[in-house]
Amino acid sequence: MTSATLLTPARTSRSGGERPGATTRAAERAYIRVLVVLDTAVLAVAILVGYLARFGDEQPSGSEIPYVVVAPVLLLVWLVSLKAMRCYDDQVLGYGADEYRRVSAASLRLAGGIAIAGYIADVGVSRGFLAISFAVGTIGLEVARFAARKRLHRARDRGAGWSRKVLVVGDTAHVLELVHTLRREPYAGYQVVGACIPDALLAPVPQRLGDVPVVGSFRGIPEAATAIGADTVAVTASGELTATRLRRLGWQLEGTGVDLVVAPALTDVAGPRIHTRPVAGLPLIHVEAPEFRGARKLVKGFVDRSLSLIALLLLSPLLAVLALAVKLDSRGPVLFRQTRVGQGGEEFGVFKFRTMVVNADALLAELAARNETDGLMFKMRDDPRVTRTGRLLRRWSLDELPQLANVLLGQMSLVGPRPPLPSEVARYDGDVARRLLVKPGMTGLWQVSGRSDLSWEDGIRLDLYYVENWSLAADLTILWKTFGAVLGSRGAY
């Protein structure tokens, strides 16, 4: 979903000749050109679909303006609307939800404006044509942007694609933390190429922070960015970087083509909980407390139970077939009911299709030394206790479908932290125990981010991030991504 460190852009102006990161800028412009061509094609198809759906083979009548003129004008105005809403701004492209929100807002605002203008001017353009065109076009734009972004993410994961070259500035500990955060999600498009640290920490010989070269101190940040071809300077926490020095750094970067971003010392806090309020020229960042009860929680519970009931009804034939397959494959019950810990530390029985032999728990001690994960969980890629049908069920996460009953009973949510075992909870420290502030989920950030391939630390980090920053919109996004994770069988064993 979002990076653990909030990057707040402070854009600098661009003028002059060749600048740092010229190759990156060229790749960025090429990606934007692809988006423009893609948007144009989508809108052209949408307008054509709107025309054919409304009129078919009939000749439009009652319109003062011929549709051979209406169609290209609508296409051009729509593209201008996307540009006006900054849908091609590199600060929102390739990562986060702002790109999708702006695309939808541009289309909806244009539709509303045309509807009002058409009513006032009494222009005889078919409302059905406009409604169909805007509906198809808005959905098509979102799908096209999603496809383009996924292709960009795959390129970035391979070390290719358009990415920003970043010079990180700050104390060594904060630099290392920010570098780790950015590298944890390479598809976000921030490639660290160097670091600047306080003067007092510089040594007479070349230094490295991990594998990141130290290219200078706070005295020569613009020169260091130019030397390594960085197009972005990311400033993190440091006692020597006062407000005055940071302001002067912004002035120094003006006209160089290098962007300045600031990474506040706020980790795992999502945008909706953060509000900036200027006080005496100082941008104070207000962080709202997490929401664990109230109207939004009631809505989440209603949505969970409604969707789980619908899913159980629709999937009942599949559930019957899977139950029969489990029964015929090995002796034992079809369903496996295991004690897990839910919200507030309350224990409940989670339902799953049985994927192991009946004496699996008794065999666990013999396999403990072959655990392939760190932390409190036991995971083994080729677990001999798993049955043949169980391997298939686990590969496609079908063994977890009976948990829809737990959601319907109010014991679980569709989206939430992984439901832990009582033995795990017994060893929780104060921070990890915050996972129990919300209901556990059938899916969550841990599942769409790699499932069993994740380390214990990363799994806990994602669970705590969800607890602190959950929202209905994020739940829908996670549910959507779950289908991709399941189909790709990432981390499923």
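The legends below describe close-up views of a predicted model. Because the model is predicted, local features need pLDDT of at least 70 and side-chain atom pairs count only at pLDDT 80 or more, whereas totals for chains, interfaces and linings use all residues. Residues are numbered from 1 along each chain as its sequence is written, and side-chain values use heavy atoms, with hydrogens and water left out.

**View 1. Salt bridge between K300 and D475.** A search of the whole structure finds 12 salt bridges, a salt bridge being a side-chain nitrogen of Lys or Arg within 4 Å of a carboxyl oxygen of Asp or Glu. In one of them, the side chains of K300 and D475 meet at 2.5 Å, N to O. K300 belongs to helix α8 (residues 295-329) and D475 to helix α15 (residues 472-488), so the pair ties together parts that are 175 residues apart in sequence; helices here are DSSP runs (H or I, at least four residues) and strands are runs of E (at least two), numbered from the N terminus. Both K300 and D475 are buried, where buried means under 20% relative accessible area, exposed over 50%, and partly exposed in between (1.4 Å probe, protein chains only).

**View 2. Salt bridges of R418 with E424 and of R434 with E468.** The side chains of R418 and E424 form a salt bridge at 2.6 Å, N to O; R418 counts as buried at 15% relative accessibility, and E424 is buried with a relative accessible area of 2%. The side chains of R434 and E468 meet at 2.7 Å, N to O, and this pair links distant parts of the chain, with R434 in the loop between α12 (422-425) and β13 (441-443) and E468 in helix α14 (residues 456-469), 34 residues apart. R434 is partly exposed, at a relative accessible area of 30%, while E468 counts as buried at 19%.

View 3. T389 is buried, with a relative accessible area of 16%. Leaving out residues up to four places away in sequence, T389 touches A325, V326 and D329, contact meaning heavy atoms within 4.5 Å.

**View 4. The largest nonpolar core, which has 29 residues.** A nonpolar core is a set of buried Ala, Val, Leu, Ile, Met, Phe, Trp, Tyr and Cys residues joined through side-chain atoms within 4.5 Å. The members that touch the most other members are Y31, L43, L74, W78, L82, F129 and L141, and the elements giving two or more residues to this core are α1 (22-55), α2 (67-84), α3 (98-121) and α4 (127-157).
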